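I opened the notebook on this chain today.

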Amino acid sequence: MDKTITWISVLLIVTGVAGIFLTYSGVSKTFEHGMNAVSALLLLMGVLMLPGGLLRGGPPNVNVRQVMALGIVVFAVSAGLSTAAVTGYGPFKLLYATGPTIGESPIKVFVSIVPGSWDPRQTENYVPNAIRVILMINHTVVWTNDEELDVAHTVTHDGGLFDSGLFGKGETYKYSFSREGLYSYHCVPHPWMRGSVTVESLPTDQVREILRRLNVTTTS
Ligand SMILES: [Cu+2]
């Protein structure tokens, strides 16, 4: 076994997996596609190099301690992946794309696609551009195409969780978030149009108290 090659492959695999997780979890907003491609490439290189490192110079001489270390690593990685899958973190967020939703919130949040959004020279398009919402209070967001000219836009999640499809002047698109997270989205025909929604949650009693103070009546 060649320790240097093995360690380099492990490093490449870890970096690749971490990169893919970061891009899909919405942390890296600007370089998403590029970063994903680079991460996938690193992961592939690592996977291809690993057997070379492990098997070079005959099968490895293993002892109990090494087997135990490997076992712990395998356990940690599987535990991490399972947790991510259960909590819907990173790429696993997509598992919940068709899952049950919690319906519309009592308060709606409105985002305007302002006139001239189609123009790449204009800095304002989705207004407000970055919003924070709280589950059970205002997790339903309504986007309105307020263009003066007849220009269609989309509201498309970068990870494919939701997509309005093209909607024209005067039309709206509504989406209800049902899980915490940072969701960045863009417009398909005008990729410079970018926005994000941060979805947070609060303990039930606080949610109830806020709704009570806001004088919002709920069915539950
Ligand atoms: Cu657009």
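I started at Ser9. Buried or exposed? I found Ser9 buried, because 21 other C-beta atoms lie within 10 Å and the cut-off for buried is 20 or more. This is a predicted model, so I read each value as a property of the prediction.

I placed Ser9 next. Ser9 sits in helix α1, residues 3–24. Which residues does Ser9 touch, leaving out those up to four places away in sequence? I listed Gly46, Met49, Leu50 and Gly53. I also checked Leu54, which is 45 residues from Ser9 along the chain. The C-alpha atoms of Ser9 and Leu54 are separated by 9.7 Å.

Then I stepped back to the whole protein. I counted four helices and eight strands. Along the sequence I read α-α-α-β-β-β-β-β-β-β-β-α. Of the 220 residues, 20% are buried. I looked at contacts between residues at least 6 apart in sequence, and 66% of them join residues at least 24 apart.

I turned to the largest nonpolar core. How many residues does this core hold? I found 18. Val133, Val141, Trp143, Phe177 and Val197 touch the most other members. Two or more residues each come from β1 (108–113), β3 (130–134), β4 (140–145), β6 (172–176) and β7 (181–186). Nonpolar side chains tend to be buried together in soluble globular proteins.

I followed Phe177 on its own. Setting aside residues up to four places away in sequence, Phe177 touches Val133, His139, Tyr183, Val197 and Val199. Val133 and Val197 are also on the list of core residues that touch the most other members.

Next came a sheet. I traced four strands in the order β2-β1-β4-β6. The sheet is open and its pairing is mixed. Which strands stand at the edges? I noted β2 (126–127) and β6. Each has a single partner strand, so one side of each is left without a neighbour in the sheet.

I checked the pairing of β1 and β2. The two strands run antiparallel and are joined by two bridges. Ser112 stands opposite Val127 in β2.

I finished at helix α4, residues 204–213. How many of its ten residues are buried? I counted zero, so I wrote α4 down as hardly covered by the cut-off of 20 or more C-beta atoms within 10 Å. Asn215 follows α4. The phi of Asn215 is positive, near 65°.

Conventions
Residues are numbered from 1 along each chain as its sequence is written. This is a predicted model: local features need pLDDT of at least 70, side-chain atom pairs count only at pLDDT 80 or more; totals for chains, interfaces and linings use all residues. A nonpolar core is a set of buried Ala, Val, Leu, Ile, Met, Phe, Trp, Tyr and Cys residues joined through C-beta atoms within 7 Å. A residue is buried if 20 or more other C-beta atoms lie within 10 Å of its own, exposed if 12 or fewer, and partly exposed in between; C-beta atoms are placed from the backbone. Two residues are in contact if their C-beta atoms, placed from the backbone, lie within 7 Å. Two strands pair if DSSP finds at least two bridges between them.
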